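Take a moment with the model below. We will walk through its sheet, then its helices, then its cores.

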Amino acid sequence: MPKTQGYESHADMYDQWFEENAELYAAEIAAIKKLLPAGKGVEIGAGSGRFTKPLNIHTGIEPAKAMREKSLAQGLNIIEGTAENLPLKDHEFDFAIFVTSTCFLDNPVKAYQEAHRVTHATGKILVAYLERESELGQIYQIHKNESTFYCDATFYTYAEITDFLTQAGFGHFKSVQTVLPETHSQQPNNILDGHDQGLFVVIYAEKI
């Protein structure tokens, strides 16, 4: 079952976070753009379109009706469905992207296998996630039960995400990171290579 209850009940609160944290939101967009492939993409777990639209992605999958309606109001092609059973044709896209949606999946490997299926033979995947082993990720993990949105989340590590991707047929990984700990607060939009410091990590991979 998709873990969408918080998003169905508090869709406006979700969007409010991005308004109140504009610098962090901009840094996350910038980090994704550093690794974003060219071509026709689909966002899996598109939410209210907060990433879909600025990344110039026109198609998304979203199980939560309240979030889907927000995306549709912006003219995006957001389709009802789940990551583990995408209502899409084989080899339809150049790339698939998951932005902080992996932590809500029942079966990440199956979801990434579906992304493998719907992308071309030379398809790519981007997974942006909250790194559990980062300084801020450990704080999120401790307090997740207090969060409307993350109480049902399972936070993962880089090793776990890349293992899921490998099982699904992806490889040749690259990564960047942002939303850094307080020691980097003087540069809130700083984007670094790798995955060893930032809360928000973006992994790029290719079909192999």
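Which residue stands opposite Val42 in β2? Thr59 does. Strand β1 (residues 41-44) and strand β2 (residues 59-61) pair in the parallel sense, over three bridges. Two strands count as paired if DSSP finds at least two bridges between them. Helices (H or I, at least four residues) and strands (E, at least two) are DSSP runs, numbered from the N terminus.

This is a predicted model: local features need pLDDT of at least 70, side-chain atom pairs count only at pLDDT 80 or more, and totals for chains, interfaces and linings use all residues. Residues are numbered from 1 along each chain as its sequence is written, and side-chain values use heavy atoms, with hydrogens and water left out.

Now step back to the whole sheet. It is open, has eight strands and shows mixed pairing. Its order is β3-β2-β1-β4-β5-β8-β6-β7. β3 (77-79) and β7 (192-193) stand at the edges with a single partner strand each, so one side of each has no neighbour in the sheet.

Look next at β5 (residues 119-130). It pairs in the parallel sense with β4 (residues 93-99), over six bridges. Here Phe95 stands opposite Lys124 of β5. The chain goes from β4 through helix α5 (residues 108-118) to β5, and this β-α-β crossover is right-handed. That term means that, with the strands pointing away from the viewer, the path from the first strand over the helix to the second runs clockwise. β5 also has seven bridges to β8 (residues 200-207), and these two run antiparallel. Lys124 has Glu206 as its bridge partner in β8.

Turn to helix α7 (residues 158-167). Tyr158, Ile161, Thr162, Phe164 and Leu165 are buried there, meaning under 20% relative accessible area with a 1.4 Å probe, protein chains only. Seen down the axis of α7, its buried residues fall within an arc of 155°, so they line one face of the helix. The arc is taken from the directions from the helix axis to the C-beta atoms. Just after α7, Gly169 takes a positive phi of about 100°.

Last come the cores. A nonpolar core is a set of buried Ala, Val, Leu, Ile, Met, Phe, Trp, Tyr and Cys residues joined through side-chain atoms within 4.5 Å. The largest one has 29 residues. Among those with the most contacts inside it are Ile32 and Phe200. Helix α3 (22-35) gives the largest share, five residues. A second, separate core of 28 residues includes Phe93 and Val127.

Key: Buried < 20%, exposed > 50% of the residue type's maximum accessible area, 1.4 Å probe, protein only.
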